[in-house]
Structures are given as structure tokens and as C-alpha cells.
There are 2 protein chains.
Amino acid sequence: MRNIKLTISYDGTGYSGWQAQTNGRGVQTELETAIEKAFGEKRRVAGASRTDAGVHAKGQVVDFKLSAPIPFERIPHALNAALPATIAVIKAEKVPPSFNSQHKAKVKSYRYHIVNSAQRDPFGDRYSWRLQYELNVTLMKKEAKWLVGKHDFKSFQASDTRERSSVRTIYKLDVRKKGNAIIFDIAANGFLYNMVRNIVGTLVDIGRGYSPAGSMKRILAAKDRKLAGPTAPARGLFLIEVKY
Amino acid sequence: MRNIKLTISYDGTGYSGWQAQTNGRGVQTELETAIEKAFGEKRRVAGASRTDAGVHAKGQVVDFKLSAPIPFERIPHALNAALPATIAVIKAEKVPPSFNSQHKAKVKSYRYHIVNSAQRDPFGDRYSWRLQYELNVTLMKKEAKWLVGKHDFKSFQASDTRERSSVRTIYKLDVRKKGNAIIFDIAANGFLYNMVRNIVGTLVDIGRGYSPAGSMKRILAAKDRKLAGPTAPARGLFLIEVKY
């Protein structure tokens, strides 16, 4: 029995997230079904991040056990043939039995896309949060800096969570303009439920002038979800990379 | 009663094409439904191009009559509010009663996207034809030149068609590499059914070495669909612009 680590990407649009929900297909189930189709083995797949409904991934990491003696380099093709076009296996690697995609993750990186435009776009709107109002990106960049480092991010944690500690370390939080897009790159040792989307929503409130300069420091210190901004929509969020 | 010209874009993935089919929704029906929802008027919408199932549009032009006295600049927003996110009205203009989006079109421009990659991509594969084998783009560019000008394109016409004349004038047919993408830009006074996709399929056969240099001249002259290459998949095709 081998331990296998997969790097996968998916368009989250049609999914209830990593996990299946009562009313929706989960990426996890699709993978488990594909493994059974391709190798005839019923396996449970664990994922580094339990991405939410509608969230996309370019570098989600998953692990599972397999006894079929298929060479590693042939696993991606075999699984892709059994998966829907919205999910792709990019890489398969051998990992030691101690590997655990979720608990051994050291750094997770997410990207969030905003498009500043009044014009509906059937292509771009699928993968971004489109906002009509002007945003002060210089101020957003400055305010974002308060979050970098080790902090209690309780203010940015969804209220319906049961996580024990809300202390995390953000290694990087870049905000940049690229044409009419605003791109957020955020890396941390872990994220609370909805944390990236709540941070983006709060930065947007600041960028559009709803919250004044200095708000981020105050909101972080308050440890109160009610002070932070709205949860940015899932469709603009991409899980980019998980490092071990 | 005013005559209205709309410029629209749509992600054709989920549609049976411009027209509804027994087993699928058509973009035309979606627009007609939106007009009824937004303005309370049952109107027939005519489109410049009857795009096929799965073909996308960035600049499809449509026309219809409206009696509601809504200002032109408010029509896009009113219709977008009633349309699914996969269809966007970009512009609404007043046109004379003589305007006919289909019969008055002077130049139609299409773009086709190929991606040269072995790696499945849940994001890009939705909008391109992904090919694993190397293509000789220099040769494809050269062979494409034979098609520019006024010719009988019978060899590139779907066999199940009832169009009277298969003579058309291609004004432009550019093939270019951009990273691992190959982009085809083609403009003509009109296109036969499946003509762009059959031209692309034929150029791919040449680019991959199935058909030798000089094939395009021979295939064009033969006026025989059986000599041309396969029909490239719809998902890589975009209707870009219609000029009047």
C-alpha cells in the first residue's frame, strides 16, 4: 500500500466545495469516485484545505492510499480520464506514511481577484468579484500591512466555527492593481474559516471609503467579527499552493 | 416602436447555441425571456450569427423592436438584471427600421484558441482546444494565406447545409503563437456553417504533419468537404465582432 500525494486544480463554480453537501457535489467525492473507476479501489481522500462552495483551486493538495501497482507518472492521466473536465490532477508523488495533506501543511497561499468595472463579463465574472465603485488601492495596500505577522484573527473568522485557536501567522499579504483588476496574494501557516474572504471584504470597505484609514489595526485588535467587512464572494478566491 | 441593436457577449458552454434545440436552451430564447421580464413585451430577437452549441461570443449583434419608452443607456442594465450571468448586454443603440443584424452584416470576425499542452486545465479548457502534439505554426500561417480572398469554400462547409452559394470573401486570416496558445483571427463577409472550425481543423492537420505543405491550396480547389480536416471543437471559438 502506497501513500500518494496529488496536486489538483478545479473550477469550483458547480461544486458545494471540497466536501459534498446535501444539495451539491463535492470535489472530494468526485476524486474518490474517479479513484474507484480508475483503480477499482474504494479510498478516502483527504484534502489540505476544505475549500468552500464556489472557491477554485490551482494547487490543492490531497492524499490517499493505493495498492494498485500503477507507476506514479501514469496516475494523473488515469484519474483525469475518470474525472469531470472541471477537475484536473496535475501531479502525483510518493509520500511517506506519515504524510498528511491537512496537518502537515506549512504554508497555504490564496489569491483573490477583484475586477473594477461596471460591465458584466460572462467570462471574467465567473472568476472574480466585480465592483463598480472606485477603490483606493494605495490605502488598501497600506492597511493590509497591519495583518502581516502572528495575530489573533478572530475578527476575520466566520462566526459559526468551532476552531480552538484563532491565532495564525500571515507571511504575506500583497494587494496590487493590474489593469482594471485588483489582485490579493495572501500566504499564512493556516486560515480560519472564511478568513481570506473576510479580510478582502474588510479591505474593500476601506478602499471604497466606508471605513477610514486606520480601521484595520482597530478591527484586528477588537477580535470581533461584527467590526470587519462583508465576506467577499467565493468565485474570486483561488487556493494557489500548499507547502510542506 | 423603436428598432434596437444590442451588442452582447456570452459564455456558450451551457447553451445549445444561438437557437434553442430540443435538448438545450438557446441564447435567443434567454434574451427574449429577459425582454419580456424587463419590459413586459413579447419580442422576437434576430441575431447576426446563429452561433453553434458551445460557441462563445464577445460581440454578437442582435436586433429587436421595443415600444417601452426606456432610455437607450438604461437598456443594458435592465436586460442584464433579467439575464443569467452567462449572457451580458454590452451596448444598446437606436437603429433605423431598415437595420437587420443578420442581412446587413458586412464583416464578421471570429477568434479561435488552441492551447498546446498535455496538462488538463479546468479554467482554460473551457475556452480552448487543448492539443498535446507540437504544431508547426510557421507552416500553418503560410498555408492559411491561401484562403484569404474571394473563394468557393465548399470544402470547409458542413455537409448538412442548405446554403445556396459557398462563395465568401475572407479579409483576414492570422495565425499567431502567444505563449503556449495558438490564436486564429479570421474576418470575412460571411461564413458557411462550421467554416471557421473546419478551417482550424484543417490547419491543425497541416501543423501536426498529417497533411503536407501545399495541402490548403489543393483542398480549397477540390471543393470537397471530405478532403478538409476535422471540425475543431466549439469551445475554442469566439464571435468577436460584427461590422455594418
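**Salt bridges, helices and an interface in a predicted model**

Good morning. I begin with E30(B), which is buried, its relative accessible area being 15%. Here "buried" stands for under 20% relative accessible area, "exposed" for over 50%, and "partly exposed" for what lies in between, with a 1.4 Å probe and protein chains only. The model is predicted, and local features need pLDDT of at least 70, side-chain atom pairs count only at pLDDT 80 or more, and totals for chains, interfaces and linings use all residues. Residues are numbered from 1 along each chain as its sequence is written, chains are lettered from A and ligands numbered from 1 in the order in which they are written, and side-chain values use heavy atoms, with hydrogens and water left out.

What does E30(B) pair with? Its partner in a salt bridge is R25(B), and the closest N and O atoms are 2.7 Å apart. A salt bridge is counted when a side-chain nitrogen of Lys or Arg is within 4 Å of a carboxyl oxygen of Asp or Glu. As background, side chains of opposite charge can pair when their charged atoms come close. R25(B) counts as partly exposed, with 44% relative accessibility.

D185(B) forms a salt bridge with R111(B) at 2.8 Å, N to O. That pair links distant parts of the chain: D185(B) belongs to strand β9 (residues 181-188) of chain B and R111(B) to strand β5 (residues 107-116), 74 residues apart. Helices (H or I, at least four residues) and strands (E, at least two) are DSSP runs, numbered from the N terminus. D185(B) also forms a salt bridge with R176(B), where the closest N and O atoms are 3.4 Å apart. Both arginines count as partly exposed: R111(B) at 27% relative accessibility and R176(B) at 32%. In chain A, R111(A), R176(A) and D185(A) are linked in a network of salt bridges. Over all chains, a search of the whole structure finds 22 salt bridges.

I turn next to a serine in a loop. S128(B) lies in the loop between β5 and β6 (129-131) of chain B. Is S128(B) buried or exposed? S128(B) is buried, with a relative accessible area of 3%. Its side chain reaches the backbone oxygen of G124(B) at 2.8 Å. Leaving aside residues up to four places away in sequence, S128(B) touches H113(B), V115(B), R235(B) and G236(B), where contact means heavy atoms within 4.5 Å.

In α2 (residues 75-82), the buried residues are I75(A), P76(A), L79(A), N80(A) and A82(A). They cover an arc of only 160° around the axis, which puts them on the same side of α2(A); the arc is that of the directions from the helix axis to the C-beta atoms. On the other side of α2(A), H77(A) and A81(A) are exposed. The cover over the buried residues of α2(A) includes β1 (2-10), α1 (27-39), β3 (56-66) and β4 (87-95) of chain A.

In α5 (residues 215-222) of chain A, S215(A), M216(A), I219(A) and L220(A) are buried. Why do they line one face of the helix? Seen down the axis of α5(A), these buried residues fall within an arc of 125°, so they line one face. In general, an α-helix has 3.6 residues a turn, so residues three or four places apart point the same way. The buried residues of α5(A) pack against α3 (137-144), β7 (149-152) and α4 (195-207) of chain A. After α5(A) comes K223(A), whose phi is positive, near 50°.

Finally, the interface. 23 residues of chain B are in contact with 23 residues of chain A. The two chains bury about 1,600 Å² between them, 56% of it on carbon and sulfur atoms; buried area is the accessible area (1.4 Å probe) that two parts lose on being put together, summed over both. In chain B, R120(B), P122(B) and F123(B) lose the most area to chain A, together 45% of what that side buries.

Conventions
A polar contact is a pair of N or O atoms within 3.5 Å; within protein, one must be able to donate a hydrogen and the other to accept it, and residues adjacent in sequence count only if both atoms are side-chain atoms.
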